[in-house]
Structure formats: structure tokens, C-alpha cells
Amino acid sequence: MNEQFIQAVFAVVDIIPLGRVATYGQIARIIGHPKKARLVGKVLGKADKKHPCHRVVTSTGRLVPGWLDQRPMLLAEGIPFRDEDHVDIKRCLWQKN
């Protein structure tokens, strides 16, 4: 994974609006690497708190297992949930213009 890829991931994550979520695959497609959703996840797993990584979920809306702060952070932004571990992706998915 190179620095250009990492910076591209953060550039997209940083523009996800408050109250919306994006998926790992969506970010990978936006930066021109549609088959690298897992690599996006690895990048975000090492991110510092200045990036709103809590707004990134799986394609089914699943939260990061073991990240106990993600759900409260999303709830504070008004993100709707289907159940304890899944956001309502149909209602809150960010559509980048």
C-alpha cells in the first residue's frame, strides 16, 4: 500500500457529511481501486481521530466489530440503525456527486 492510496482514502473519508455513512467498497470505487475495499479497511484501522472513520461501514451497514465507540458516535449524528450492529444503509448512505 502506497502513500498515494492512503491519502486518497483519507481525502474521501474527510468529506463524508455529518449524518451520512459510506462503505469501504464505495470509497475504493471513488478512488479508482474498486477491488480494494479490504485495503481501505486496513488504512482506516490505523487512522488517527482527526478523520471521521466512524462513518465508514460494510456494504450491509455493519459496524466494525469490537469498536465500541462507533455506534454512539453515529447515533450522536442522527444515523438510523436497523439493529444493534447495522446502520440503516438505505436511509443514510452518502451519495457522492
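How many helices and strands does the protein chain have? In this predicted model, the chain has five helices and four strands. Their order along the sequence is α-β-α-α-β-α-β-β-α.

The overall dimensions were examined next. The C-alpha trace spans about 35 × 25 × 20 Å along its principal axes. Of the 97 residues, 42% are buried. The exposed surface comes to about 6000 Å². Carbon and sulfur atoms supply 52% of that area.

The cysteines were then inspected. The count of disulfides is zero. Cys53 is in no disulfide, and the nearest cysteine sulfur, that of Cys92, lies 17 Å away. A disulfide requires sulfur atoms within 2.5 Å. The sulfur of Cys92 is therefore too far from that of Cys53 for a bond. Cys53 has a relative accessible area of 8% and is buried. Cys92 is buried too, with a relative accessible area of 1%.

Aromatic rings were the last topic. The count of aromatic pairs is zero. A ring does take part in a contact with a charge: Arg71 lies over the face of Phe81. The distance from Arg71 to the ring centre of Phe81 is 4.3 Å.

Note on methods
Residues are numbered from 1 along each chain as its sequence is written. This is a predicted model: local features need pLDDT of at least 70, side-chain atom pairs count only at pLDDT 80 or more; totals for chains, interfaces and linings use all residues. Side-chain values use heavy atoms; hydrogens and water are left out. Rings of Phe, Tyr and Trp (its six-membered ring) pair if their centres lie within 6.5 Å; planes under 30 degrees apart count as stacked, over 60 as edge-to-face and the rest as tilted. A charge sits over a ring if NZ of Lys or CZ of Arg is within 6 Å of the ring centre and within 35 degrees of the ring normal. Helices (H or I, at least four residues) and strands (E, at least two) are DSSP runs, numbered from the N terminus. Buried means under 20% relative accessible area, exposed over 50%, partly exposed in between (1.4 Å probe, protein chains only). Accessible areas come from the Shrake-Rupley method with a 1.4 Å probe; for residues, only the protein chains shown count as cover.
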